[in-house]
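Please set out a short briefing on the pockets and the sheet architecture of the model shown here, arranged by topic for a reader who will follow it on the structure.

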Amino acid sequence: MIELIFPDGSRRAFDDGASGRDVAASIAKSLEKRALLVRLDGQLLDLDRPLPGGGTFEILTRESPDALEVIRHDASHVLAQAVQELFPGTQVTIGPAIDEGFYYDFARDEPFSLDDLGAIEARMAEIVDRDEKIVREVWDRNEAIAHFRDIGEAYKAEIISDLPEDEVITVYRQGDWKDLCLGPHLPSTRHVGKAFKLTKLAGAYWRGDHRNAQLQRIYGTAWASEADLEAYLRRIEEAERRDHRRIGRAMDLFHLQEEAKGMIFWHPKGWTLYRTIEAYMRRRLDTDGYVEVKAPQIMDRGLWEKSGHWEKFGQAMFTCETTEGEELAVKPMNCPGHVQIFNFGQKSYRDLPLRMAEFGACHRYEPSGALHGIMRLRAFTQDDAHIFCREDQIEAETTKFVKLLNSVYSDFGLDLHSVKLALRPEIRAGSDEVWDIAEAKLDRAARQAVNMEVEPLPGEGAFYGPKLEFHLRDAIGRTWQCGTLQLDFVLPERLDAEYVAEDGSKQRPVMLHRAICGSMERFLGVAIENYAGAFPLWLAPTQAVVASITSDADDYAREVAAALKAAGLRVELDLRNEKINYKVREHSLAKTPVIAAVGRREAEGRAVAIRRLGAEGQTVLSLDEAVAALAGEAVPPDLARAALRG
RNA sequence: GCCGGCUUAGCUCAGCUGGUAGAGCAGCGGUUUUGUAAACCGAAGGUCACGGGUUCGAGUCCUGUAGCCGGCACCA
């Protein structure tokens, strides 16, 4: 007998060998019908699999988030079956569930075309209608390897060979089709439902390694219901309207062109936005005890060799040779320059922690395929800073930094998507003891400062130290690393950074590389998508347009614009010979936060009719009131807080 | 860099199976003086990304290159 503990706390005994289905049926026939999976002691199991023992027990139906993940996983199996039925000779590899859907990687000489997706979808629907039972089988390891090799599934055979010797090999069968898989799965293909859609084709390397063969990946999305699928598709469509590239063009912020791949031509409005953010960041750094510097844009190759970057990233650096035979490199990062400034003259322990900031313009020859709007560029500006400190100051500095970062993100209405800690890579500098301490310090400090999980990334740290990553999301849910804090025990050594300690001895400082925006451009891209171009007043490149209604009011309109401008607002004047309807529409589409319309009435009463973006109708205020109100609202959040504190 | 797709007027897009280009908006010139999301008229605007080929004839078919888009790989 086995004893099951149900979510309500009740306990019941069942015969050995009872399956989740038996349990569901014993409760209610209707529950058996709706049951898809069970959870036993936290582990998901197939509904028809005999329960291996007793424990806490739960029956999952379609509505459960865990069931949705299995629906997506099964959709990938149905996809694979459909592909193999339609395109014999195609090899299957792996096909997991992912956020919002699933994919499956196939090996096939001929590429799939977009047109194939329709046919594959239709076949998938057929397989769902066939309602094939999905059956779990346990296979002998060697037989499994031989079997998959015999039927030409080399990748599957390779996967099994690489599994640990004691791993139970399970194969799931649906109709004539089968796949090596850990499971669990739904009882039959009918339960996958029809709320799925194949979305895109892509290349993907076998096992994520570019030295391996490239497979063909088919992505799809799958949901528990048609309504959820439709909502998802609508959400994607909506998100595409927020795309920073589209908004950048529509709002005339910037452009990119072939002659300068991965580099931005900032237009007046975009550059105003950029400078507003830069000024804000500069104030935040200033109040947090940073000093700002500026190091050369191009420096001798020798310095990059000494820092170690030439060896590792030389291929990706822009270089030039002078007529006098010097070899120079455009800086791909700011740290070596900052160490030169640190090294100039003598530093005392009293100078530490020394927080040295620079809005550093960096150039890197990024692979062409990596470029993406203004998120991934070849020329970008880091809001970089290096904190030179003693080892015992690392934690406090990290906590201080994360606090600042959180405060900055919240001023832009951004939520951290995730925080990750990249741990020691295989090839690294420094002893294991040093890494132990370093990783623990960052982990502790980050956990203390952010109210969320810190996800470890084994093997992904920089060669010189562990790295905290702060990720934000773009409109369609792709995440971008923006903030970062990296501990470095190598560079101070390589570039001979020293300070004089209390006892008069020379000591090496530790260096913390840190950035909040990461790249100003990327941060701007994320901010554009976050606000969908409708910036709060303090950020909007054009904060207000003064629009005349008739030309009688032109002089007064000029006066209003001048008054707003004198109060520090970024104002445009629209005296064109157009109807007010036309002007309102145009400036609304341009996402101008405030339209101040003035006609004969306003001119006579020295008033303005204020219309706010997104609001219906307008409020008439006296000119003085309007200026005071808008000027107050346009104060950046950090200055507003400072004013509040007095 | 790799796989797939796309590239037609400033922008958004038409252009069927090959017969040398079309709309809306913007811009320009006029008319209109207008009350809160598109007034009216007119003229103009294109080496159909770039190069090569097939053909009597190519935006359309083939091929090479570039850029961009979606992924993958990369990201000091």
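In this predicted model, the second largest pocket is lined by 26 residues, and those lying nearest its centre are Glu100, Tyr232, Ile236, Ile476 and Gly477. Its volume comes to about 890 Å³.

**Second largest pocket**

- The elements that each give two or more residues to the lining of the second largest pocket are strand E12 (196-205), strand E13 (214-222) and helix H7 (226-241), and the largest share, 8 residues, comes from H7.
- Sorted by class, the lining of the second largest pocket holds 11 charged, 8 nonpolar and 7 polar residues.

**Largest pocket**

- Two or more lining residues of the largest pocket come from each of helix H11 (309-313), E21, strand E24 (467-473), E25 and E28.
- The lining of the largest pocket comprises 19 nonpolar, 12 polar and 11 charged residues.

**Sheet and packing helix**

- An open sheet of mixed pairing is formed by 8 strands in the order E16-E20-E21-E28-E25-E24-E22-E23.
- Strand E16 (291-292) and strand E23 (454-457) each have a single partner strand and stand at the edges, so one side of each is left without a neighbour in the sheet.
- Strand E25 (residues 479-488) pairs with strand E28 (residues 510-519) in the antiparallel sense over 5 bridges, and aspartate 488 has methionine 511 in E28 as its bridge partner.
- Helix H12 (residues 335-343) lies across strand E20 (354-363), strand E21 (379-389) and E28, and runs at about 145 degrees to E20.

Terms used
Residues are numbered from 1 along each chain as its sequence is written. Chains are lettered from A and ligands numbered from 1 in the order in which they are written. This is a predicted model: local features need pLDDT of at least 70, side-chain atom pairs count only at pLDDT 80 or more; totals for chains, interfaces and linings use all residues. Side-chain values use heavy atoms; hydrogens and water are left out. Two strands pair if DSSP finds at least two bridges between them. Helices (H or I, at least four residues) and strands (E, at least two) are DSSP runs, numbered from the N terminus. Contact means heavy atoms within 4.5 Å. Axes are lines fitted to C-alpha atoms, for helices over the stretch in contact, and angles run from 0 to 180 degrees between N-to-C directions. Ala, Val, Leu, Ile, Met, Phe, Trp, Tyr, Cys and Pro count as nonpolar, Asp, Glu, Lys and Arg as charged, and the others, Gly among them, as polar. On a 1 Å grid over the protein atoms alone, a cavity is a set of points where a 1.4 Å probe fits but cannot get out, and a pocket is an open set with protein on both sides within 12 Å along at least five of seven lines; lining residues have an atom within 4 Å of a point. Grid points are joined across faces, edges and corners, and a volume is the space filled by probe spheres set on the points.
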